[in-house]
Amino acid sequence: MKTKGIVTGIVSNLVTVKVDGPVAENEICFIDLGGVKMMAEVIKVNGENASVQVFESTRGLKGGDKVEFEGRMLEVQLGPGLLSSIYDGLQNNLATMENVFLQRGEYTDPLDRKKTWDFTPLAKVGDTVVAADWLGEVKEGWLPHKIMVPFSFEGEYKVKSIKEAGAYTVDTVIAVLISDMGEDVQVTMVQKWPVKVAVKGYKEKPRPNKIMETGVRVIDTLNPIAEGGTGFIPGPFGCGKTVLQHAIAKQGDADVIVMAACGERANEVVEIFTEFPELIDPHTGRHLMERTTIICNTSNMPVAAREASVYTAMTICEYYRAMGLKCLLLADSTSRWAQALREMSNRLEELPGADAFPVDLSAIISNFYARAGMVVLNNGQTGAVTFIGTVSPAGGNLKEPVTESTKKAARCFYALEQNRADQKRYPAVGPLDSYSKYLEYPEIIEYLDRTVEKGWVDKVLQAKNIIRRGKESAEQINILGDDGVPMSYHVNFWKSELVDFVILQQDAFDAIDALCPLERQRFMLDLVLEICAKDYEFEDFEKCREFFKNLINELRQMNYSAYESEQFRAYNENVKSMIA
Ligand code: ADP
Ligand code: MG
């Protein structure tokens, strides 16, 4: 028997309902508005009164309207066909732009029910299986998509029957399992999972032990992110958060990409609709969209739908991680999500925390970031969810609650600086304030020693020191004038400019420079450090400037040339002879 209720109060999207039975927080209900069923989520229960947040406009709703509770939380449907789809936070399919403006009470099917998938069984009759074990496989694009024992299954099951290889729709029963109580349960290619609960079904979640190559030098060379790691990009409006995230999506070493686009303005969402499907994956030459799911929402969508979107995105990533895949979750911007949390908490008239955000903002953000990670599956294989979110602090103030709370939760910090963006030094990641805590992990240091170069982390620290010394020298030159400081100050300043122009700066819009594999990053850092290790004598600071400017020019030409091409080698020879 479903719990029922009657609307007793309406404040914007927050509706109070008098209920006739048990209801739980986060439970889904439907409000009947003259035959239109509007979805809502319970956010607070107080005796026989429940506060529910309606996912769409409450226009026309009135006291006395009927409500029916579902006894389940907001769920996402998981199955083949998620990739290359564009959804809103409630997993409505937004493949066509018209659907961005769905009619009220309209919910679309997230998966294609008619399409058939070529299924290959992986389990056989008599096998003992538990939640998340692989029963079979279909090809989604060119990725192997595992059909798993639903995550909600508890205990052990025996495979009673399984479909032989063939083409089936997602709703076909592909296996029948017997529970330890002796009951038969049917398994299709689709399962449901509540978005706010982390997907379980793996053996352990060890610390990350390798890095995820992004192809972006400021990240990989200076502050690498681990596979299964977390990072965030705070930056004022227009400093390049979105461009940097798209660069990571394109170049990043991941099997599956999920983009949660929490738009500042509707046109940004339109951009992602039009631009993303055009992008070509530099690793495979195919459309990046084939292995991408986009979850979109704009600030004109209802607050609860906006709040749900990052969870929907995370759950989809966790689903693919359980297949042993490397997943990359990008959320832009998580400040919009935090604002949704703030709006909801304010309407509930909860005691507000800093800047009127909910008191438990920090815990909500930490719990979300904690869902990322590398996992060891029951079969010993590994999967990963790497998460990078952007934060758009009002006025670039890094002391505001969302930035501060995220800083506690994420292990990498890539701060975009307004003055670097103003100077067109892109990506505008500040070299000295940014950090990666993974550089302190013994596993990661060992991994870098083994795969990049022995003593690599020391070299990274050397590069950061050159930048620091250059900054100090620049400050002295500013105060005392070009002629008021010893020549070594000019040399130090220009050495840091060399690191800046050749390593930090990278053209996201140049086909060659945009994709810089680690091997190439190693080559360039070694070369730059070799140049910086030398002492240089100059008659005057102008000669010093000229020398370094020419050098920077040659090195930048190298960045724009195909690695190890004839051209690349020729520029390299020039550099060597210039510093001889
Ligand atoms: P944000 O998301 O922080 O508001 P965007 O990512 O939209 O900022 O970037 C704003 C503009 O800055 C871009 O349209 C582009 O012109 C420029 N830009 C940002 N990053 C780069 C980059 N790596 N290379 C070249 N131009 C960039
Ligand atoms: Mg942006």
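**Figure 1. The largest pocket and its 46 lining residues.** In this predicted model, the largest pocket holds about 1,000 Å³ of space. Zoom in on its centre and the residues lying nearest are T242, V243, L244, A508 and F509. Helix α2 gives the most to this lining, with 8 residues. At least two residues each come from α2, α3, α12 (511–514) and α14 (541–559). Sorted by class, the lining has 20 nonpolar, 12 polar and 14 charged residues.

**Figure 2. Ligand 1 in its pocket.** Which space does ligand 1 take? It's the largest pocket, the one from the previous view. Around the ligand you'll find the run P236, F237, G238, C239, G240, K241, T242 and V243, and the shell also includes Y426, Q506, A508 and F509.

**Figure 3. Contacts between the protein and oxygen atoms of ligand 1.** A backbone N or O atom of G238 sits 2.7 Å from a ligand oxygen. For G240, a backbone N or O atom is 3.0 Å from an oxygen of ligand 1. T242 brings in its side chain instead: one of its polar side-chain atoms lies 2.8 Å from an oxygen atom of the ligand. On its own, ligand 1 has 560 Å² of accessible area, and the protein covers 73% of that.

**Figure 4. The largest cavity, with a volume of about 130 Å³.** Searching the whole structure turns up 4 cavities of 30 Å³ or more, and this view is of the largest one. Its lining consists of T242, H246, M259, A261, C262, G263, E268, V269, E271, I272, E275 and D332. The elements that put in two or more residues are α2 (241–251), β19 (256–262) and α3 (266–275). Which of the elements gives the most? That's α3, with 5 residues. By class, the count is 5 nonpolar, 3 polar and 4 charged residues. Look out for T242 here: it lines this cavity, and it is also among the residues nearest the centre of the largest pocket.

**Figure 5. The second largest pocket, with about 640 Å³ of space.** This pocket is lined by 26 residues, and R425, K471, A474, F493 and E497 are the closest to its centre. Two or more lining residues come from each of α8 (418–422), α10 (456–480), α11 (487–504) and α14. Helix α14 also supplies at least two residues to the lining of the largest pocket. The class tally for the second largest pocket is 9 nonpolar, 7 polar and 10 charged residues.

**Figure 6. Two cis peptide bonds, D332 to S333 and Y426 to P427.** At the bond joining D332 and S333, omega is about -5°. S333 is in the loop between β21 (326–332) and α5 (334–347), while D332 is one of the residues lining the largest cavity. The bond from Y426 to P427 has omega near -15°. P427 belongs to the loop between α8 and β25 (435–436), and Y426 is part of the shell around ligand 1.

**Figure 7. A356 and its positive phi.** Most residues other than glycine have a negative phi. Where is A356? Its place is in the loop between α5 and α6 (361–369). There, A356 has a phi of about 70°, despite not being a glycine.

Definitions and conventions: Residues numbered from 1 in each chain as written. Chains lettered and ligands numbered in written order. Predicted model: local features only at pLDDT ≥ 70, side-chain atom pairs only at ≥ 80, totals over all residues. Heavy atoms only, no water. Near = heavy atom within 4 Å. Polar contact = N/O pair within 3.5 Å; in protein donor to acceptor, adjacent residues only side chain to side chain. Areas by Shrake-Rupley, 256 points an atom, 1.4 Å probe, with all protein chains shown as cover. 1 Å grid on protein atoms, 1.4 Å probe; cavity = no way out; pocket = protein on both sides within 12 Å on 5 of 7 lines; lining within 4 Å. Sits in = over half its atoms within 2 Å of the grid points. Points joined across faces, edges and corners; volume = space filled by probe spheres on them. Helix = DSSP H or I, 4+ residues; strand = E, 2+ residues; numbered from the N terminus. Nonpolar A, V, L, I, M, F, W, Y, C, P; charged D, E, K, R; others polar.
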